[in-house]
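Here are my notes on the model, point by point. Please read them with the coordinates open.

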Amino acid sequence: MEAPELGPGLVERLEQLATCPLCGGPFEDPVLLACEHSFCRACLARHWGAPPATGAEATPTACPCCGQPCPRRSLRSNVRLAVEVRISRGLCEKLAEPGARTRRRRGGRIPTMGCLDLHEEDVRKTWKRLDAPMPKSPNSEEDLPEDYPVVKNMLHRLTANLTLDPHTAHRRLLISSDCRSVQLAPPGAPSPPDSPARFDQLPAVLGAQGFGAGRHCWEVETVDTTSFQDSSGEDEDDGESSYAVGAAGESVRRKGRVGLCPAGAVWAVEGRGGRLWALTAPEPTPLGGAGPPPRRIRVDLDWERGRVAFYDGRSLDLLFAFQAPGPLGERIFPLLCTRDPRAPLRIVPAEG
C-alpha cells in the first residue's frame, strides 16, 4: 500500500503559519505580544507608530488582532516562530519538488520545534534522515505520512486542548467521564434535566472552551459507519446524517430546529451515506471521491480572517473551507453531533 501523500492542503497551512497578519507576507523578525499573537517587528512598529519622546505621555498600544492592551515593553522576540518559519519554508520547498512524496523513517529522531539549533541546524540535512522507507502494516493507527510528526509539532502551537461541555449536550447523548467523547445513549439510559444551554432537538454538544480571537485547531476522531451492516448484510444507512463535526458560534440556537449552515452560526461537515458533505446553504456540498470519509478530521479556526477550514487529520489535505467576509464576531466553540449509536465521536487530546 502506498503511503498517503502530503498534498496542497499542507502547503497552504504551512504558508498560513508563516504569514504575518498585518503584512500578509512571511514573518520577518517576529515578535510575540502578551496576548500570544505574533507579528513582524517592523509591521507592528508601523502599526503603532513612533514611540513618544522622552517624558511625553505614552499612547496606549494594543494587539492589532484581538485589541488586548499590550505595552511596548512587553514585546518579546518569538524565536520559536522564527524557527518554524524556517522549517516551513524548507517543507514547502520539498513538497514542491517534482515527484515529491512522503516516506516513512527508519530510526533517528525527528527534531521538534523547541529543540533546533538556530545557527547550525540545516533543514536539508534534517530531511536527509527521512529518505529511508519502512514497511507498514495496513489499517494501523501508525499508518501516517512520514512527514506527519514534524508537521504535527509545527501545528501543535495552534492545537487547543479541549473538552466537551455536558451542560450543552442533548439529553440523548452520553458524554464520557473525561469529557472528550460523545455517543448516543442506549435506550433506557437516564436523561439529565433540561436547561437553557442544552440542545433539545439537534443531537449535539459544544466544547467547553470558546475562542474570540486567534488561530486554533482541534481534531475529532470518527468511525467508518459504512463498515457497520445488519445481519442480512444490508447497509442500515437511511440517508440521514450519522455525525457532524465543526464549529458553532455562541449564538447558535439551542431550542428547536437549528440551521446547520453559516447563517445559523454553524460551520461543519457531516458524514452521511458513506461520504463527507460540507454543510453549506442552500444545499450541502459533497466532498472527496468515492472512498469513505477520513477517520480523523482537523478543524482549523482563524477567527480574525473569518475562516473555518477542515483537513484530513492524517494526510493534512484540505477538505473544505468556509470563508466569512471578516472576523467571525462572536466566541466560537467546537461542535460535535451524532445521531447514530454506531458513530461515537472523540476530541483528540493535544499532544504534549
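1. Start with the charged cluster. Glu 219, Glu 221, Arg 296, Arg 298 and Arg 346 are linked in a network of salt bridges. A salt bridge here is a side-chain nitrogen of Lys or Arg within 4 Å of a carboxyl oxygen of Asp or Glu. The structure holds 10 salt bridges. Side chains of opposite charge can pair when their charged atoms come close.

2. Some ground rules. This is a predicted model, in which local features need pLDDT of at least 70 and side-chain atom pairs count only at pLDDT 80 or more, while totals for chains, interfaces and linings use all residues. Residues are numbered from 1 along each chain as its sequence is written, and side-chain values use heavy atoms, with hydrogens and water left out.

3. Glu 219 meets Arg 296 in a salt bridge of 3.3 Å, N to O. Glu 219 lies in strand E7 and Arg 296 in strand E12, so this pair ties together parts that are 77 residues apart in sequence. (Strands are DSSP runs of E, at least two residues, and helices are runs of H or I, at least four, numbered from the N terminus.) Glu 221 also forms a salt bridge with Arg 296, the closest N and O atoms being 2.7 Å apart. That pair again links distant parts of the chain, with Glu 221 in E7 and Arg 296 in E12, 75 residues apart.

4. Arg 296 is buried at 11%, and Glu 221 is buried at 18%. Buried means under 20% relative accessible area, exposed over 50%, and partly exposed in between (1.4 Å probe, protein chains only).

5. Arg 298 sits in strand E12 and counts as buried at 2% relative accessibility. Its side chain makes a polar contact with the side chain of Glu 219 at 2.9 Å. (A polar contact is a pair of N or O atoms within 3.5 Å; within protein, one must be able to donate a hydrogen and the other to accept it, and residues adjacent in sequence count only if both atoms are side-chain atoms.) Leu 318 is 20 residues from Arg 298 in sequence and 9.3 Å away in space, C-alpha to C-alpha. Leu 318 belongs to strand E14 and is partly exposed, at 33%.

6. One more pair deserves a look. Arg 215 and Asp 302 meet through their side chains in a salt bridge (3.3 Å, N to O). Arg 215 is in E7 (residues 215-221) and Asp 302 in E12, 87 residues apart. Both are buried.

7. Strand E13 (residues 307-312) has 6 of its 6 residues buried. Arg 307, Ala 309 and Tyr 311 point one way, and Val 308, Phe 310 and Asp 312 the other. E12 (residues 296-302) runs antiparallel to E13, joined by 6 bridges. E14 (residues 318-323) pairs with E13 in the antiparallel sense over 5 bridges. Two strands count as paired if DSSP finds at least two bridges between them. Ala 309 stands opposite Asp 300 and opposite Ala 321 in E14.

8. Check both turns. The hairpin of E12 and E13 has 4 residues between the strands, and Gly 306 there takes a positive phi near 65°. The hairpin of E13 and E14 has 5 residues between them, and Leu 316 in the turn has a positive phi of about 65°.

9. A separate point on backbone geometry. The peptide bond from Ala 281 to Pro 282 is cis, with omega near 5°. Pro 282 lies in the loop between E10 and E11. Ala 265 has a positive phi near 65°, in a residue other than glycine. Ala 265 is in the loop between strand E8 (243-249) and E9, and is buried at 8% relative accessibility. Cys 179 likewise has a positive phi, near 60°, in the loop between strand E4 (173-175) and strand E5 (181-184).
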